[in-house]
Amino acid sequence: MATIEKRLSAFNDIALLIGRILIAILFLVASYNKLKGLGGSTAYFTKLGVPAPSAAAPVVAAFELAAGILLLAGFKTRFVALAIAVFVVIAALFAHTNFADANQLNHFTKNLAIAGGCLALFVAGAGAFSMDAKTGRRWF
């Protein structure tokens, strides 16, 4: 059993890189879509009751863009992953609480899964294929 675990541990850095890429893509696409349709994003935030929706929409889009880029690069990964985890839980509580609607329930649980993945990155760090590894610093 120890031999199998040792062999699999060789793939840890690749798995962390792939995990960071997959989560980053989600946030980069979401940011692009919000910025492309900022009026629609603002209207949706208004409908949800988000405070100051005309300010919140571009701030959220900017957060998603920055978080996606930083996660992709593996820069300050632990801090970014924790920030994303908090962000997606708050987003789930704002936008996806109508559990009678199966789609909303799916989005809510998706957000919780993203938070879980980000908490795993928070614990594991970015891995060898990251700016964090290149600088040799622990950011959090």
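These are my notebook entries on a predicted model of one protein chain.

**Ground rules**

I number residues from 1 along each chain as its sequence is written, and for side-chain values I use heavy atoms, with hydrogens and water left out.

**Entry 1: confidence**

I looked up pLDDT, the predictor's confidence in each residue, from 0 to 100. The mean for the protein chain is 93, and 95% of its residues reach 70 or more. Which element has the lowest mean pLDDT? I found that it is α1, at 75, while helix α4 (residues 53–73) has the highest, at 98.

**Entry 2: overall layout**

I took helices (H or I, at least four residues) and strands (E, at least two) from DSSP runs, numbered from the N terminus. I noted seven helices and zero strands. The pattern along the sequence reads α-α-α-α-α-α-α. The C-alpha trace spans about 55 × 35 × 25 Å along its principal axes.

I then looked up contacts, meaning heavy atoms within 4.5 Å. Among contacts between residues at least 6 apart in sequence, 67% join residues at least 24 apart.

For the surface I used accessible areas from the Shrake-Rupley method with a 1.4 Å probe, where for residues only the protein chains shown count as cover. The accessible surface of the chain comes to about 8,200 Å², and 72% of this belongs to carbon and sulfur atoms. I call a residue buried under 20% relative accessible area, exposed over 50%, and partly exposed in between (1.4 Å probe, protein chains only). Buried residues make up 31% of the 140 residues in the chain.

**Entry 3: the largest nonpolar core**

A nonpolar core is a set of buried Ala, Val, Leu, Ile, Met, Phe, Trp, Tyr and Cys residues joined through side-chain atoms within 4.5 Å. The largest one here has 21 residues, and those with the most contacts inside it are Phe 27, Leu 71, Ile 84, Val 88 and Cys 118. Which elements give two or more residues to this core? I listed α2, α4, α5 (77–95) and α6. Helix α5 supplies the largest share, six residues.

Not counting residues up to four places away in sequence, Val 88 touches Phe 27, Asn 111, Ile 114 and Ala 115.

I looked for salt bridges, each being a side-chain nitrogen of Lys or Arg within 4 Å of a carboxyl oxygen of Asp or Glu. The count comes to one salt bridge. Lys 34 forms it with Glu 64, and the closest N and O atoms are 3.0 Å apart. Lys 34 lies in helix α2 and Glu 64 in helix α4, so the pair ties together parts that are 30 residues apart in sequence. Are Lys 34 and Glu 64 buried or exposed? I noted both as buried.

Ser 31 is also found in helix α2. Ser 31 counts as buried because its relative accessibility is 1%. Leaving aside neighbours within four places in sequence, Ser 31 is in contact with Ala 61, Glu 64 and Leu 65. Ser 31 and Ala 61 are 30 residues apart in sequence, yet their C-alpha atoms are 4.5 Å apart in space.

**Entry 4: a nonpolar patch on the surface**

I looked up patches, made of residues with over 30% relative accessible area and no salt bridge; like charges are joined within 9 Å and nonpolar side chains (Val, Leu, Ile, Met, Phe, Trp, Tyr) within 5 Å. One nonpolar patch has about 1,000 Å² of accessible area together, and its members include Ile 4, Phe 11, Ile 18, Leu 72 and Phe 129. Helices α1 (2–9) and α2 (12–36) each supply at least two of its residues. Helix α2 gives the most, with six residues.

Phe 129 is found in the loop between α6 (102–124) and α7 (131–135). Why does Phe 129 count as partly exposed? Its relative accessibility is 44%.

**Entry 5: two loop residues**

I checked for positive phi in residues other than glycine. Ala 52 has a positive phi of about 45 degrees, and Ala 52 is found in the loop between α3 (38–48) and α4. Lys 76 has a positive phi near 55 degrees. Lys 76 has its place in the loop between α4 and α5, and Lys 76 is partly exposed, with a relative accessible area of 31%.

Key
This is a predicted model: local features need pLDDT of at least 70, side-chain atom pairs count only at pLDDT 80 or more; totals for chains, interfaces and linings use all residues.
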